[in-house]
Amino acid sequence: MPEAIIRAAGIERCFPSRPLPLRVLKGADLSLRPQETVAIVGSSGSGKSTLLHVLGCLDRPDGGTLSIDGHDTARFGERELAAFRNRTIGFVFQFHYLLPEFTALENAAMPLLIAGLPRKRALAIAEQLLLEVGLAERLEHRPSELSGGEQQRVAIARALANSPSLILADEPTGNLDHASGELVADLLWRVNADRKVALVIVTHNHEIAARAGRVLELRDGRLSPRP
Ligand SMILES: Nc1ncnc2c1ncn2[C@@H]1O[C@H](COP(=O)(O)OP(=O)(O)OP(=O)(O)O)[C@@H](O)[C@H]1O
Ligand SMILES: [Mg+2]
């Protein structure tokens with residue numbers, strides 16, 4: 001097992017803009033050990049989602065180095081990077097991005113179907129995951145027939161489908177009422193403990209941030225420990 005699941009150093013990301021490029025990340029550093037949990041806080045527009053996209057290999061940094069699970073991500077071509085991302089990282093976003101025409105079961109199975117697993121096997125794994133997130137009674141429901149908290153739990157089941165070593169969650173409770181948000185946070189921390197998955201969570205919720213092993217603040221394009 002590598003000593004770090006994430007080793008990011010001097011991460012830079014800028015977006016084209018006039019008259020000057022918009023420098024959002026200006027040398028962000030983050031090291032995360034396997035199974036560690038970290039919360040990232042920061043004001044709106046500080047670059048938290050941008051950072052999560054880079055850490056999650058959905059976007060490439062303009063500067064700095066990023067190694068995930070011992071692999072230098074700069075060495076991967078686009079297809080290799082996508083395959084690596086799919087088997088290593090699970091994403092949970094503020095909006096669940098479930099596919100409306102598919103059932104909870106099919107949505108949770110989607111990463112496995114995309115990875116080419118036989119349908120029966122993929123659905124069996126997805127069913128087990130939905131059981132794990134407390135949705136055994138909702139397998140055949142479509143997203144529109146689920147509550148916000150239930151939709152988010154399906155999204156977590158989907159994020160777990162490929163047994164990732166790392167979960168990146170971008171305001172996963174941002175759209176939920178307090179009680180549903182607590183349930184989703186409970187679930188993320190249970191997954192962290194039971195499946196030994198590292199967790200990076202971006203949140204505006206201080207109670208949820210306080211559950212993490214460390215709280216870091218993104219400010220002026222860099223991460224620093226929040227006292
Ligand atoms: N693809 C893009 N092209 C141009 N500018 C972008 C792009 N993505 C983000 N930005 C800009 O980068 C800055 C940081 O955005 P980001 O979404 O990372 O902030 P955030 O910290 O996640 O904010 P919030 O808390 O509101 O979600 C913003 O000023 C945004 O306008
Ligand atoms: Mg954001």
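The residues around ligand 1, taken as those whose C-beta atom, placed from the backbone, lies within 6 Å of it, are F15, L22, V24, G42, S44, G45, S46, G47, K48, S49 and T50. This is a predicted model, in which local features need pLDDT of at least 70, side-chain atom pairs count only at pLDDT 80 or more, and totals for chains, interfaces and linings use all residues. Residues are numbered from 1 along each chain as its sequence is written, while chains are lettered from A and ligands numbered from 1 in the order in which they are written.

**Shell around ligand 1**
- The shell has 3 nonpolar, 7 polar and 1 charged residues, where Ala, Val, Leu, Ile, Met, Phe, Trp, Tyr, Cys and Pro count as nonpolar, Asp, Glu, Lys and Arg as charged, and the others, Gly among them, as polar.
- At least two residues of this shell come from each of β2 and α1 (48-55), and α1 gives the most, with 3 residues; helices (H or I, at least four residues) and strands (E, at least two) are DSSP runs, numbered from the N terminus.

**Antiparallel sheet**
- The strands of an open sheet of 4 follow the order β2-β1-β4-β5 with antiparallel pairing, and its edge strands, each pairing on one side only, are β2 (22-32) and β5 (71-72); two strands pair if DSSP finds at least two bridges between them.
- Strand β1 (residues 6-15) runs antiparallel to β2 and is joined to it by 8 bridges, with I6 standing opposite L32 in β2.

- In strand β8 (residues 198-202), 5 of its 5 residues are buried, a residue being buried if 20 or more other C-beta atoms lie within 10 Å of its own, exposed if 12 or fewer, and partly exposed in between, with C-beta atoms placed from the backbone.
- Both faces of β8 are covered, with A198, V200 and V202 on one side and L199 and I201 on the other.
- Strand β3 (residues 37-41) runs parallel to β8 and is joined to it by 4 bridges, and A39 stands opposite I201.
- Strand β7 (residues 166-170) also pairs with β8 in the parallel sense, over 5 bridges, and the bridge partner of D170 in β8 is V202.

**Residue E150**
- E150, which lies in helix α5 (residues 148-160), is buried because 22 other C-beta atoms lie within 10 Å.
- Leaving aside neighbours within four places in sequence, E150 is in contact (C-beta atoms, placed from the backbone, within 7 Å) with L135 and R138.
- The C-alpha atoms of E150 and L135 are separated by 7.5 Å, although these residues are 15 residues apart along the chain.

Terms used
Two residues are in contact if their C-beta atoms, placed from the backbone, lie within 7 Å.
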